[in-house]
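Hi,

Here is the structure I promised to pass on. My notes follow below it.

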Amino acid sequence: MGLTKRAAGRNDNDLREDFFPPGVTGYLIALAGNPNAGKSTVFNALTGLRQHTGNWPGKTVLLARGTYSHREETFTLVDLPGTYSLLATSLEEQVARDFICFGNPSVTTVVVDATCLERNLNLVLQVMEVTTRVVVCLNLMDEARRKNIEIDVPALARELGVPVVPAAARSGEGLLELKEAISGVAAGTIPTDPRPVVYDEDIERAAVRLARELRPLLKGRVNARWVALRLLEGDEGILMALKQHLGIPVSQLEVKLQLKGVPA
């Protein structure tokens, strides 16, 4: 996987650079999605034979990485483990969460199953809490049509605030449009405005307060509101992730939060 810097024990926050093949620059794209949403089919269709496989550093989780070119730019695509959630209750979810949160991908493309949107959109909403640079690939549109499922794609895109591209990766349908959307979001020519999930008033107040305390520690390297929400949920794993990927000591974070009277 070209993970030489991490293998050498470098303690830094630049997970992003570790996933570029030697000598390759350009955009880094995370490919996320529920199991069986056709994510690997999308990955194979976009990258063809230009891909490599290996394990996530220090973990027995298989990752695939590949490249493709579009409009004279190189896109390095990282196929994350299939996951239903970024709440990281399994090793696969932890890997997907860490890459999206700390790998600083240029774009996170979430592949969803057009035949069961209600299950797949949960992950989309979670990813949009982490990053604004999101593209939704509405895969398996051929299956949806066969089941007489109609989806108002423009309305879905407006509600989410990010590009939504209908596709059927098995036949190549929509892949050019997907490349265009990824390229546009990566370059900033396609603006995104994800609509955040709004929680109950007391949770929102606590999240705002906690995020305010976190920002000086996080220094913009990860979304403070998202971290605040995870801490309010009691997700202790996020503290270890902050230490591992950003070098923020858990004890320092805990002490500062306690001093400010905010429960961690």
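How much accessible surface does the protein have, and what share of it belongs to carbon and sulfur atoms? It comes to about 12400 Å², with 50% belonging to those atoms (Shrake-Rupley method, 1.4 Å probe).

Some housekeeping: this is a predicted model, where local features need pLDDT of at least 70 and side-chain atom pairs count only at pLDDT 80 or more, while totals for chains, interfaces and linings use all residues. Residues are numbered from 1 along each chain as its sequence is written, and side-chain values use heavy atoms, leaving out hydrogens and water.

The protein has twelve helices and seven strands (DSSP runs, H or I of at least four residues and E of at least two, numbered from the N terminus). Of its 264 residues, 52% are buried (under 20% relative accessible area, 1.4 Å probe, protein chains only).

Glu-129 is buried yet has no salt bridge (a Lys or Arg side-chain nitrogen within 4 Å of an Asp or Glu carboxyl oxygen). The nearest side chain of opposite charge, Arg-230, is 4.0 Å away (Lys and Arg count as positive, Asp and Glu as negative; His and chain ends are not counted).

Cheers

Definitions and conventions. Buried < 20%, exposed > 50% of the residue type's maximum accessible area, 1.4 Å probe, protein only.
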